[in-house]
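Dear colleague,

I am passing on the structure below, together with some notes on what was found in it. Please read the notes with the coordinates open beside you.

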Amino acid sequence: MLKVNNLHAGVEGNEILNGINLEVNAGEVHAIMGPNGSGKSTLAAVIAGKEEFEITEGNIELDGEDMEDTSPEERAHKGVFLSFQYPVEIPGVSVTNFMKTAINESRKARGQEDMPANEMLKLIREKSELLEIDRKFLSRSLNEGFSGGEKKRNEIFQMAMLEPKLAILDETDSGLDIDALRIVANGVNKLRNKDNAIVVITHYQRLLEYIVPDFVHVLHEGKIVKSGTKELALELEEKGYDWIKNETVV
Amino acid sequence: MEKKTMDLKEKLVSSFLAFENNVDVDHPVHDIRSEAIKNFENKGFPNRKQEAWKYTSLNNLQKIDFSIFPKKINALEYKDVKPYFLHEIDTYKIVFIDGIYSSFLSETTHEGVDICLMSAALRKPMYKQVIDVYFNQVASKDESLTTLNTAFSKEGAYIYIPKNKMPKKPIEILHFATGNEAALLLQPRNLIIAEENAELQIIERHQNLTSNEVMTNSVTEIFAAKNAIIDYYKVQNDVENASLIDNTYISQKSNSTVKVHTFSLGGKLTRNNLNYYQNGEYIDSTMKGVTILGNKQHVDHHTLVHHKEPNCESHQDYKGIYGEKSTGVFNGKIIVDKIAQKTNAFQQNNNILISDKATINTKPQLEIFADDVKCSHGCTIGQLDEEALFYLQTRGIPKKEAAALLMYAFSNNVLESVRIPELKIRINKLIASKLGVQLGFDL
């Protein structure tokens, strides 16, 4: 589904990603771990199409199609979703209205009619129950005055609504207490199926106890320095990132 | 150019004699007019050497050969101007066509409240007492454009709400220009009085219906007695050959609330002089604005709040979005007298420039003589947040719509306090159309 080939990318001549290779197939969950500043969030943003970053070498393919010159919204229409570490507040636009806009824009891009109102309401009800979201919450302005946990839960609610093919969850566990983490992880797990793929980006192993990955990759200085199965995450937790750093030097 | 500049002023001053032929020169108001024309004759039009007019030039307007009195009376069909009314709901309407009252399009009342005409109030003896007490009492006797209006004051809206009364519906004040004159100068004069515990809502709009030049120099005096509540909405969405100088003067007594919302979405040159005088305690003065401009449009918001008594509040929140070569000015002056302890005065002016060629000049001016006050002010000028745009794009919302949604969100605080739901919807739609998008839902 997703193929990242020898990806070099940066901003204003500063290279942040130094040759990333990553292949994610349908039905898989990948975890990308790494110390602060290793390029995790940059990788997520580049896959989602953030224009601020310049790709200097290599490419990103989605279902065999090169994503060069594909805007973030076009990628979204093709089924890419990015859950933000710091979701943006939009005063005056309710969660419900925002979701209506997002869903109908994607439908428009695919040549479909707007989703009928009753269908939309049904979908919103179903997905908000999945994430244990209160109805009142849906009429609040998007992310405005939301707690950290509410923001993250709302991100996964959006993911549930948009049903992406490829979901990238950037530090979804940061700022969550254990109850919120469980709700968010449960939501993600219920959305897993054989046709979609999830990339979990995290600093800590904690989230991976709930969202169990098929593969774990360790990112260091813009490169994947180690890949393995879920046991790698445990090993990292135990030995710390210095272990990887030292190993890389050797 | 210098000679031309003299012309409009001279034309106005010499027209005063002709004007006098058509008004009651024995009325006490005429003494006020005569004083006013002298002041204008001395001062002339303001120019950019004056601090208050540093960023707004009236030179180009003065080159236009404006008609001061329209030559013939014009009629309009309701169906042709219906969109400019808040026709979704029932309202009182005071309508002027080329400055002349249109009884056909208006709906006035004298049932318990007076919602009618300045010309009638100046003519009929039953209003004389009110006119004597209020007329020109809060308007400046010194500021040249205000005195120019005072000199020619004759027509406009007259609204008097007695103690404990509230009109059954909002009041619309509408001015249409029909283009019968190549260029027309309008000088409406409004007097609005809310006695104790009275409450009212007003919507004011100026609309030029052709591409002929129009300039309006308007003065509105508002008096809010104890516990009175006034909501005033100014919808400024005129065409690009219409200019407006709006001089609004508000006098408030204890526990009154006066809120003015100004939506500046059109016009060529707009200057809003909004002046609040707090003559009592526990007063709330609120002024909010949304400005969205493009092309070479220019809007200048000059606010003044004079805190003259203790325990009062003032709130200012102006948002501006400037595109293309448009220019904006915000100058917010707050004076807190020594006696006015426990004053809370807040001022906020946030701007987004969406073009490299757009300009905003923003300046807070605080003169605080009391020591136990809370005053805050903040001005920001920025571009749209790239991260926020990216966030919306990753949700499948195209960049242009995403930008519009963010600009809408940016101006939302101001809209929240609009208390007429149908007006709020209208303004939302106007803003969406100004931003050039059709969003997937009714904002």
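Predicted model: local features only at pLDDT ≥ 70, side-chain atom pairs only at ≥ 80, totals over all residues.

In chain A, six strands make up an open sheet of mixed pairing, in the order S6-S9-S10-S3-S11-S12. Strand S6 (80-83) and strand S12 (223-228) of chain A have a single partner strand each, so one side of each is left without a neighbour in the sheet. From one strand to the next the twist averages 20 degrees. S6(A) runs parallel to strand S9 (residues 166-170) of chain A, to which four bridges join it, and A:Val80 has A:Leu166 in S9(A) as its bridge partner. Helix H1 (residues 40-48) of chain A packs on the sheet, where it touches S3, S6, S9, S10 and S11 of chain A, and its direction makes about 150 degrees with that of S9(A). Helix H6 (residues 148-162) of chain A also packs on the sheet, touching S6 and S9 of chain A, with its direction at about 170 degrees to that of S6(A).

For chain B, the domain assignment gives domain 1 (2-279) and domain 2 (397-443), whose centres, taken over C-alpha atoms, are separated by 29 Å. Their contact takes 13 residues from domain 1 of chain B and 11 residues from domain 2 of chain B. On the domain 1 side, S12(B) gives the most, with three residues, and by class that side has seven nonpolar, three polar and three charged residues.

Finally, B:Asp80, which is found in helix H4 (residues 78-81) of chain B, is exposed, because 10 other C-beta atoms lie within 10 Å.

Best regards

Notes: Residues numbered from 1 in each chain as written. Chains lettered and ligands numbered in written order. Domains from an automatic or database assignment. Contact = placed C-beta atoms within 7 Å. Helix = DSSP H or I, 4+ residues; strand = E, 2+ residues; numbered from the N terminus. Nonpolar A, V, L, I, M, F, W, Y, C, P; charged D, E, K, R; others polar. Buried ≥ 20, exposed ≤ 12 C-beta atoms within 10 Å, placed from the backbone. Pairing = 2+ DSSP bridges. Axes fitted to C-alpha atoms, helices over the stretch in contact; angles between N-to-C directions.
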